[in-house]
Amino acid sequence: METTSSSRVGAQPAETPDTAASPQTPPAPPQDAATSPPVARRTADGYLRADFPWYGLDGAFTGPRWLMQVAAAADGTVEHGSTGHGDEPSVRGEIATGEKERFAVVVTVASSPVRRSADGTGVLEATSVASAAWLAGSGLLAFTWPGQMDHVLRDDWLGQQTEAAWELADDLDGEDWSTLSLPVDGEPTPFHYRESEFGWVLAGSTPGGVHLGAYGRGMSAYGLAFSVVTDLAAYE
């Protein structure tokens, strides 16, 4: 996560508050909540180390809630993480059961400026709404597998789709995105929103200063509302 020129928090696209960075090539999918099996994600320790609030769906959602994982910098600073709601998705779940999984994952990204790495040898780029959009887009892909595709071909497919998700996150004002207003802590908040055959992705920023991403399928994004997680035990 540290380089001398374009280190990325959690391997997502980054931009300064006013000027977007234009990456030369997309990074690998983030090794966080998106790519870990649900059964391995049951500890709140990483969440408790964060110095920013975590977000999830508000109290109107009464279904299951579950923790995913957090991502941290080399110095241990927590940078982002995800909370899950509804069915715990699996890559092959829909293929095996024939039923669509219904879930929504909320990604919280710490708001950080461009800064030096802990060891002083590199630069960590600023996080932004594009950061949240990238993490949400790649997270959705991690739980997607076209039914007609052999597992041997999935790596190539995932690489192509990940590059597309990266480019989309770097162009939030493009025609692939629309605007959706959803409540955050009770306040209407604008989000960038897009749909695909795999599900939906949205991204925005909270009044409290963190960036939010979300992705899901089987649950409509239009009826969602977000709030600060006040009790992590509800997710364990």
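Biologist: How many aromatic pairs does the count come to?

Modeller: This is a predicted model: local features need pLDDT of at least 70, side-chain atom pairs count only at pLDDT 80 or more, and totals for chains, interfaces and linings use all residues. Residues are numbered from 1 along each chain as its sequence is written, and side-chain values use heavy atoms, with hydrogens and water left out. Rings of Phe, Tyr and Trp (its six-membered ring) pair if their centres lie within 6.5 Å; planes under 30 degrees apart count as stacked, over 60 as edge-to-face and the rest as tilted. By this rule, the number of aromatic pairs is six.

Biologist: Are the rings of Phe-103 and Phe-143 stacked or edge-to-face?

Modeller: A pair of aromatic rings is described by the distance of the centres and the angle of the planes. For Phe-103 and Phe-143 the centres are 6.4 Å apart and the planes stand at 75°, so the pair is edge-to-face.

Biologist: How many residues apart are Phe-103 and Phe-143?

Modeller: Helices (H or I, at least four residues) and strands (E, at least two) are DSSP runs, numbered from the N terminus. Phe-103 belongs to strand β4 (residues 103-109), whereas Phe-143 is in the loop between α3 and α4.

Biologist: Are Phe-103 and Phe-143 buried or exposed?

Modeller: Buried means under 20% relative accessible area, exposed over 50%, and partly exposed in between (1.4 Å probe, protein chains only). Phe-103 has a relative accessibility of 0%, so Phe-103 counts as buried. Phe-143 has a relative accessible area of 3%, so Phe-143 too is buried.

Biologist: Which residue forms a salt bridge with Glu-101?

Modeller: A salt bridge is a side-chain nitrogen of Lys or Arg within 4 Å of a carboxyl oxygen of Asp or Glu, and by this rule the count comes to one. Its closest N and O atoms are 3.6 Å apart, and the partner of Glu-101 is Arg-217. The pair links distant parts of the chain, 116 residues apart: Glu-101 in the loop between α2 (93-97) and β4, and in strand β10, Arg-217.

Biologist: Are Glu-101 and Arg-217 buried or exposed?

Modeller: Glu-101 has a relative accessible area of 9%, so Glu-101 is buried. Arg-217 has a relative accessibility of 9%, so Arg-217 also counts as buried.

Biologist: How far apart are the C-alpha atoms of Gly-216 and Gly-199?

Modeller: Gly-216 is in strand β10 and counts as buried because its relative accessibility is 0%. Gly-216 and Gly-199 are 17 residues apart along the chain, and their C-alpha atoms are separated by 5.6 Å.

Biologist: How far from Gly-199 is Thr-144 in space, C-alpha to C-alpha?

Modeller: Thr-144 is in the loop between α3 (129-142) and α4, and with 5% relative accessibility it counts as buried. In sequence, Thr-144 and Gly-199 are 55 residues apart; in space, C-alpha to C-alpha, the distance is 9.0 Å.

Biologist: What is the phi value of Asp-185 near?

Modeller: Asp-185 is in the loop between β7 and β8 (187-196), and its relative accessible area of 40% makes it partly exposed. Its phi is positive in a residue other than glycine, and lies near 50°.
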